[in-house]
Amino acid sequence: MDVLVSPIYTYGDERTKACAMPCDIYHHAFMDEFSTARNLLLMSHLPDSIQIMDVSAQILFNRTMAQLGLCAFRNGLIAEGHNCLSTLYSTRRVRELLAQSVSQSRYHEKTPEQKRLERRHWMPYYMHINLELLEAVHLTHAMLLEVPNIAAYTLDIKLKVIRPFGGCLRLVSKQMLSGPLENIRNHVMATTRALSQGDFEKAHDVIKLLQVWKLLRNQESVFEMLKAKLKEECLKTYLFFYASSYGSLSLDQLSKMFDLSESQTHSIVSKMMIMEELQASWDQPTECIVFHDIAHTRLQALAYQLIEKLSILGESNERAMEAKIGGGDGNGLDGFPLRGGDSADYAAVVTS
């Protein structure tokens with residue numbers, strides 16, 4: 001591949017280089033050389049200039065990003081893989097972006113000429129990227145990233161979850177009964193429930209049932225990578241959920257609970273402490289985690305949220321009443337000054 005692209009990089013024009021670079025990146029990603037592919041992508045500045053290129057170049061770039069996301073997943077790089085696939089799944093037109101289908105709209109009917117132009121950019125069937133595998137990888141990325149995040153910010157009403165994964169979570173939370181695992185999303189949601197409960201073995205068994213993993217070359221190494229990632233995220237989720245219930249917790253017990261070595265457990269917990277995600281410290285002589293009792297209970301957090309909402313409601317009512325009665329002199333009802341006013345002289349108002 002290097003022999004083929006080197007003359008193009010040396011003597012080709014800008015249009016030819018823009019087409020050769022995604023092909024080179026695609027090749028390295030297909031061969032599981034993620035670092036090389038990512039470095040080429042960053043040096044080419046393609047993400048910055050792709051919007052002004054023609055349709056063929058944009059399709060090639062989208063296919064390259066999809067293959068790069070799959071490459072990152074096979075190498076166990078969850079955050080990097082999610083960043084590659086998030087641009088494709090930010091819309092609901094993955095098929096059209098990869099030129100594997102024609103975009104359709106119920107409100108706009110295309111002319112035969114427009115349909116011919118779109119079919120001209122279609123990829124042949126043998127070049128299609130399996131969309132079920134792509135969806136499974138993207139949802140797995142989102143699950144591993146978001147489950148600990150949701151556990152850490154359970155009471156945060158402003159928490160934003162990745163769109164496709166968040167929609168699946170809301171849909172599952174409204175269901176009274178869970179049916180059989182029939183599609184990719186059902187498998188990922190069942191894995192999410194097991195992961196939230198700290199059962200990494202059940203989560204691994206459920207995610208392994210997906211048939212699309214057979215399309216991967218190194219299937220066994222991917223399963224080993226998934227199990228290792230599930231153990232780590234189960235550990236984080238467990239600590240986020242139950243840190244307030246412990247005064248201290250031994251390193252040996254925590255390692256046995258999640259089948260991790262003591263060095264791995266120590267590394268993960270220490271990183272959480274450094275990032276201030278876990279309010280705790282190490283007791284080196286006893287090798288225990290000592291939790292700091294500074295986190296609020298669920299009841300206290302809900303009470304603080306209620307107080308904040310009531311204060312906002314009171315201020316908005318005061319502003320609405322002031323606008324209604326035309327109180328432009330800074331006074332509210334019955335001539336009393338509004339709450340929080342800097343120039344309010346309460347004694348003068350009362351004596352008058």
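Predicted model: local features only at pLDDT ≥ 70, side-chain atom pairs only at ≥ 80, totals over all residues.
**View 1. The largest nonpolar core has 59 residues, and W213 and L239 have the most contacts inside it.** A nonpolar core here is a set of buried Ala, Val, Leu, Ile, Met, Phe, Trp, Tyr and Cys residues joined through side-chain atoms within 4.5 Å. Buried means under 20% relative accessible area, exposed means over 50%, and partly exposed lies in between (1.4 Å probe, protein chains only). Leaving out residues up to four places away in sequence, W213 touches F73, L133, A136, V137, T140, I207, K208, Q219, F223 and L226.

Residues are numbered from 1 along each chain as its sequence is written, and side-chain values use heavy atoms, with hydrogens and water left out.

**View 2. Helix α2 (residues 14-30) packs with helix α5 (residues 55-74).** Helices (H or I, at least four residues) are DSSP runs, numbered from the N terminus. The two axes, lines fitted to C-alpha atoms over the stretch in contact, are 8 Å apart at an angle of about 20°. Angles run from 0 to 180 degrees between N-to-C directions. That makes α2 roughly parallel to α5 (an angle under 35 degrees). Which residues of α2 meet α5? Look for R15, C19, P22, C23, I25, Y26, A29 and F30 in α2, in contact (heavy atoms within 4.5 Å) with residues of α5 including L60, Q67 and R74.

**View 3. Helix α6 (residues 78-89) crosses helix α9 (residues 131-152) at roughly 125°.** Their axes come within 9 Å.

**View 4. A228 has its place in helix α13 (residues 219-242).** Is A228 buried or partly exposed? At 35% relative accessibility, A228 counts as partly exposed. A228 and F200 are 28 residues apart in sequence, and their C-alpha atoms are 9.3 Å apart in space.

**View 5. The protein chain has 17 helices and three strands.** Strands (E, at least two residues) are DSSP runs too. Of the 352 residues of the protein chain, 35% count as buried.

How values were computed: Parallel < 35°, antiparallel > 145°, perpendicular 65-115°, else oblique.
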